[in-house]
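We will go from stop to stop, selecting a few residues each time.

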Amino acid sequence: MLVPRRLSSVSSLPRRGLAALTLALLASCSGTKFIPEGAKLYTGSTVKVKSEAPIKNEAALVTELEGVVTPKPNSSILGLRPKLYFWHMGEGKTKGLGHWLADKYGEKPVLLSQADTQKVKQLMVNRLNNNGYFKPSVGSKIQTKGRTASIDYTALVGKPYLIKEIHFPEGDTLLTRAIRATEPGTLLKVGDPYSLQTFINERNRIDGVLKNQGYYYFTPDYLLFEVDSTLDNQANVYLKVKGSVPRRAAKPYVLSRVTLNTDYSLSDTASLGRKPIIYQKYRYFPDEEVFKAKAITNATFLYPDSVYRRRRSDQTLSRLMSLGTFKFVDIRFRPDRAVPDSAGFGHLISNVRMTQLPKKSLRAEVLLVSKSNGFVGPGFRIQFRNRSALRGAEQLLVNVTGSFENQTKAGSNTIGLTSYELGADAQLVVPRLITPPFDIRLRNSDFQPRTTFGAGYKYVERLQAFREDVFNLNYGYTWKTKLTNEQELRPIDLQYIQLSGTSDQFKQLLADRPFLANSFRQQFILGSSYRYTYNQQALEQRRNQIYFSGGVEVSGNLAYLFSSLTGQPQITTASGDKAYTLLGQQFAQYTKVDLELRNYFRTSTNPTSGNKIATRLLIGAGLPYQNSNVLPYLKQYGIGGPNSVRAFRARGIGPGTYMPTTATQETNYFYDQVGDLRLEANAEYRQDLFPYVKGALFVDAGNIWLVNEDPARLGGKFNPGTFLNQLAVGAGAGIRIDVQFFVIRLDAAVPVRYPDGRTTDPDGGKRSTAPVYNIAIGYPF
């Protein structure tokens with residue numbers, strides 16, 4: 001769209017010339033300038049449904065009729081059609097900027113002559129009939145305005161036909177009895193309007209039930225509905241089985257043989273010359289050198305001598321693929337002609353074919369680390385994977401990692417913000433729940449449950465501060481009952497952090513801050529945890545997607561009980577309290593709860609669109625008690641930074657209204673500005689701009705608080721009556737470069753409100769409202 005440059009004196013133009021120029025610009029942007037002489041630009045249609053009787057679900061009916069209207073008009077914004085202008089720029093050109101703009105952003109004019117009203121009206125009549133409105137009348141009227149035209153469609157309908165009676169098929173065959181048994185779950189209800197889509201859904205429902213009762217060859221096409229209209233717009237519905245149903249589709253099937261081939265390939269001929277292992281009636285190929293038969297049969301829900309059930313077939317596919325050891329899995333069925341029919345049942349042979357991934361692999365990665373606490377830097381990871389370490393599809397993962405990190409947006413005098421890490425860890429993932437003496441298989445779940453054993457060591461050095469040796473040991477379960485639901489239980493989650501090599505500056509920091517000394521002293525964590533996650537993001541067709549994660553973590557309760565019952569000696573902490581120790585180090589005792597709720601609403605009806613409103617709410621609470629008066633340092637909350645309230649530096653907010661006021665406090669803010677409670681909320685509008693480029697506008701708010709008063713951080717304790725007035729607020733905009741396998745994010749945010757609500761610093765100077773710039777990897781949530 002061309003816009004004239006600003007004139008210094010509009011009044012110097014003749015009024016008629018200004019009007020002509022304005023009209024020319026509007027004609028150019030509205031697209032009418034590019035319409036051939038005598039033609040009309042089609043601007044769309046309206047659809048109305050009229051009836052003397054009330055119309056049930058009128059909005060849905062109108063939407064269905066609108067769906068058959070063609071053609072679709074050119075897109076417009078406030079009556080302007082810039083895409084027509086871009087199309088005109090490339091008209092008749094095969095290269096150059098005009099051709100590129102036309103190809104990328106242009107649209108060819110949609111003319112009234114392209115509208116086939118007769119065809120549209122016939123389609124509308126068909127849709128009305130499908131919804132029980134028989135003998136409707138559909139008319140159309142063309143509305144012209146200048147060089148544009150629209151079409152108004154009006155449908156006149158009578159009273160819809162309603163279902164009066166429903167009759168399922170009679171007869172005494174296995175098939176008719178099976179169909180009649182599905183009647184309690186029917187989608188057809190007496191008094192409901194006649195609806196073709198409901199009939200289609202009912203056929204599919206019955207087919208699904210029959211497929212789970214052995215009717216492998218049955219299809220929905222073998223069912224038909226006969227509708228007999230009666231007086232007063234009512235209809236009797238008769239469900240019948242077609243007389244042309246093949247014999248094999250009218251009987252259920254039993255699996256006479258199930259073969260499991262764990263080493264299948266397209267050129268597979270190996271199984272032809274080898275005898276299978278017979279394990280629990282399964283024919284198992286090729287042998288047990290890589291996978292024990294028990295490991296595969298535990299994930300198989302097709303049982304020899306059982307009735308064929310499609311549900312069990314789908315479940316077997318899902319379970320075997322989720323083992324993570326196979327590249328492809330498929331299941332083939334064929335009639336077993338060697339076994340005669342019995343009691344009306346046929347017999348099937350099932351062949352489960354699995355193509356293996358390489359058993360062992362080695363992978364190296366160079367990483368750009370970006371953490372929510374503001375640490376960024378390069379790193380590496382080398383991973384060894386064995387996909388069947390114990391011949392039971394157990395996955396053994398051994399990782400060696402290293403990184404150099406630096407905390408961005410920090411004061412130059414802050415100690416410990418440059419960090420080196422080097423570590424190694426191992427995980428053994430067992431594809432079943434190890435719960436002796438119980439055998440829990442979750443037979444109704446499509447997803448393979450897992451038991452995980454983990455152990456690791458990490459060496460951390462924070463320059464000018466301290467060195468740490470970090471040991472961890474864990475054992476837990478992960479399982480899913482649905483695609484959207486996941487649960488994780490860790491009965492054992494141990495962490496031991498040995499502090500050494502402390503600098504004089506850090507020793508002085510601990511001496512000046514008893515709370516910090518206590519939090520570093522009690523970094524022996526004897527924890528257990530549980531987390532539940534509900535995630536609709538896998539349902540890509542949904543416009544509104546919800547994500548919820550809730551977890552609880554407890555630590556030290558059993559150790560405290562044992563120590564108190566056995567009369568163990570206690571030490572005196574830096575704050576003067578008494579505490580038990582384990583291996584000479586105070587252990588932490590606390591309960592911690594974390595809740596996260598996100599909502600993603602896609603503003604476009606296109607499932608591939610990235611235009612959405614994303615919101616997040618974070619609530620966290622850690623309660624130290626008995627053996628602890630403060631949470632361990634690594635379990636405390638910090639707020640601010642690129643994945644939090646982006647207008648403030650990482651750990652630059654709170655606790656409460658506390659803010660560093662002296663040079664010493666400012667230097668050590670990274671250790672001071674942590675807390676036991678967290679409340680944070682974020683809202684972000686995301687918009688597709690160009691291919692691989694998205695924009696965003698956002699608002700963040702949040703703060704952290706202390707459970708117990710700390711004299712060194714006045715204003716930090718949580719107060720139920722004032723905490724909402726202590727939220728820090730920031731707002732800003734950002735650009736995301738999203739190439740699917742990674743996202744680079746650039747955000748700029750300005751502080752809108754400080755936690756204490758003041759607009760001036762304690763020294764009287766005006767608080768900064770300068771933008772804070774963040775560079776990060778991935779979306780903030």
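Start by selecting V290, F291, T325, Q356, L357, K359, R387 and S388, the residues that line the second largest cavity. A cavity here is a set of points, on a 1 Å grid over the protein atoms alone, where a 1.4 Å probe fits but cannot get out, and lining residues have an atom within 4 Å of a point. Its volume is about 30 Å³, taken as the space filled by probe spheres set on the points, with grid points joined across faces, edges and corners. By class, this lining has three nonpolar, three polar and two charged residues; Ala, Val, Leu, Ile, Met, Phe, Trp, Tyr, Cys and Pro count as nonpolar, Asp, Glu, Lys and Arg as charged, and the others, Gly among them, as polar.

A word on the model before we move on: it is predicted, with local features needing pLDDT of at least 70 and side-chain atom pairs counting only at pLDDT 80 or more, while totals for chains, interfaces and linings use all residues. Residues are numbered from 1 along each chain as its sequence is written, and side-chain values use heavy atoms, leaving out hydrogens and water.

Next, select A295, N298, A299, G392, P431, R432 and Q448, which line the largest cavity. About 40 Å³ of space lies inside this one, and its lining divides into three nonpolar, three polar and one charged residue. The structure holds two cavities of 30 Å³ or more, and you have now visited both.

For an open space, turn to the second largest pocket and select P607, T608, S609, G610 and K612, the lining residues nearest its centre. A pocket is an open set of grid points with protein on both sides within 12 Å along at least five of seven lines. This pocket has a volume of about 630 Å³ and 21 lining residues, of which six are nonpolar, seven polar and eight charged. Strand β25 (residues 590-602) gives the largest share of the lining, three residues.

Now colour helix α10, residues 504-512. Helices (H or I, at least four residues) and strands (E, at least two) are DSSP runs, numbered from the N terminus. Which residues of α10 are buried? They are F506, L509 and L510, where buried means under 20% relative accessible area, exposed over 50% and partly exposed in between (1.4 Å probe, protein chains only). Look down the axis of α10: its buried residues fall within an arc of 95°, so they line one face of the helix. That arc is taken from the directions from the helix axis to the C-beta atoms. On the face turned away from the buried side, find the exposed residues D504 and A511. The buried residues pack against β18 (466-482), β19 (485-500), α11 (514-521) and α14 (669-672), with contact meaning heavy atoms within 4.5 Å.

The last stop is an open sheet of three strands in the order β22-β23-β24, with antiparallel pairing. β22 and β24 stand at the edges, each with a single partner strand, so one side of each has no neighbour in the sheet. Two strands pair if DSSP finds at least two bridges between them.

- Select 570-572 and 578-582: β22 and β23 pair over three bridges, and I571 has A579 as its bridge partner.
- Between these strands lie five residues, and G576 takes a positive phi near 90°.
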